[in-house]
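Hi everyone, thanks for making time. I'd like to walk you through one structure today, so let's get it up on the screen.

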Amino acid sequence: MTVSPVPSFYLYGEPQRNVGEGFVHVESLDDRSRPSEWTIRPHVHRDLNHIILIAKGGGAMLAESTQVRFMAPCLLLIPARVVHGFDWHQESEGHVTTIADTYLRHLIDRDSDLTPLFETPRAVSLAQSDTAAAGQLIERMARELGWAGRGQKAAIEAALLQLMVLALRHGDMVAGQRPGTEKQAALVARLRERVEQRFRYREPMASHAQALGTSLTALRQACACVAGTSPGQMLDDRALLEARRLLLYSQLSVAQIGYAIGFEDPGYFSRFFTRHIGCPPRTYRARRGEPDRAGGGA
């Protein structure tokens, strides 16, 4: 059974549809936030990432079960497939830059220094001088997106990369230096895709290895080197993420949630959840109004 605990949008409020490979979109924060009375309800984008410049104001970002408070000036970085929502301060100002996931992966493949940018949702504080620079880069992208002149794609990419580098340097992010090879990294990426598609089936890891055309030993070595974890833990982490979403955003019973993520025994699901999260599912749900909190810095 497939369950969608939160709405999945193309852009906020728009029905889900396929995303163009090189899709980049820029709009004012005001465009969707003011009509929504400065509250963007929790939702998810299957194939889109955000860089949000907050030039004035502030607020709180809900990312999965964590609340991040922030004040201008800052950049908010939200990866694809992360449930997120916002409570903006009244009359906050800024811009939302949206990037297709395939395009972002292409940029990161060309420069691995950019890898940490979208590993997790975060707020990156900016100096006032860099806020103006970020605003100019976004305005340049917006102008280029509004016409079809020669070199348009190159101009958009140049401005986007400068914006990403600005966020990277202010966020003090360092990519993990693991000894994995390119082949191992590609294998782990394929495993992540397969886990995303099939985590509800709770298949033995040997089945995943066979489907990926590798041995279980090689898969474990690749995950240890590239991701610093085991393939089984990656599978459990994805199931737990879905369980938390369903507990926070759906009205399904604990037993129904267990069935939804592939557990045939509700009691076993409850023990699994408690062992990994530290509290029973019902207790976690009772705390839905008290999300984990994080500061506004990166």
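Okay, let's begin inside. The largest nonpolar core has 33 residues, and those touching the most other members are Ile 51, Leu 75, Leu 117, Met 141, Leu 160, Leu 163 and Met 164. Which elements give two or more residues to this core? On the strand side we have S1 (24-28), S3 (48-56), S6 (74-78) and S8 (93-100), and on the helix side H2 (101-110), H3 (128-145) and H4 (152-171). H4 gives the most, with eight residues. There's also another core lying apart from this one, with 30 residues, including Leu 235, Leu 240, Leu 246 and Ile 257.

Keep in mind, by the way, that this is a predicted model.

Now for the sheet. We've got five strands in an open sheet, and if you walk across, the order is S1-S8-S3-S6-S9, with antiparallel pairing. So which strands stand at the edges? Those are S1 and S9 (122-125): each has a single partner strand, so one side of each is left without a neighbour in the sheet. From one strand to the next, the twist averages 15°.

Let's zoom in on the S9 end. S6 and S9 run antiparallel, and four bridges join them. If you click on Leu 77, you can look for the bridge partner in S9, which is Arg 122.

Last stop: H2. This helix packs on the sheet and touches S1, S3 and S8. Compare the directions of H2 and S8, and you get an angle of about 85°.

That's my tour, happy to take questions!

How values were computed:
Residues numbered from 1 in each chain as written. Predicted model: local features only at pLDDT ≥ 70, side-chain atom pairs only at ≥ 80, totals over all residues. Heavy atoms only, no water. Core = buried A, V, L, I, M, F, W, Y, C linked by side-chain atoms within 4.5 Å. Buried < 20%, exposed > 50% of the residue type's maximum accessible area, 1.4 Å probe, protein only. Pairing = 2+ DSSP bridges. Axes fitted to C-alpha atoms, helices over the stretch in contact; angles between N-to-C directions. Contact = heavy atoms within 4.5 Å.
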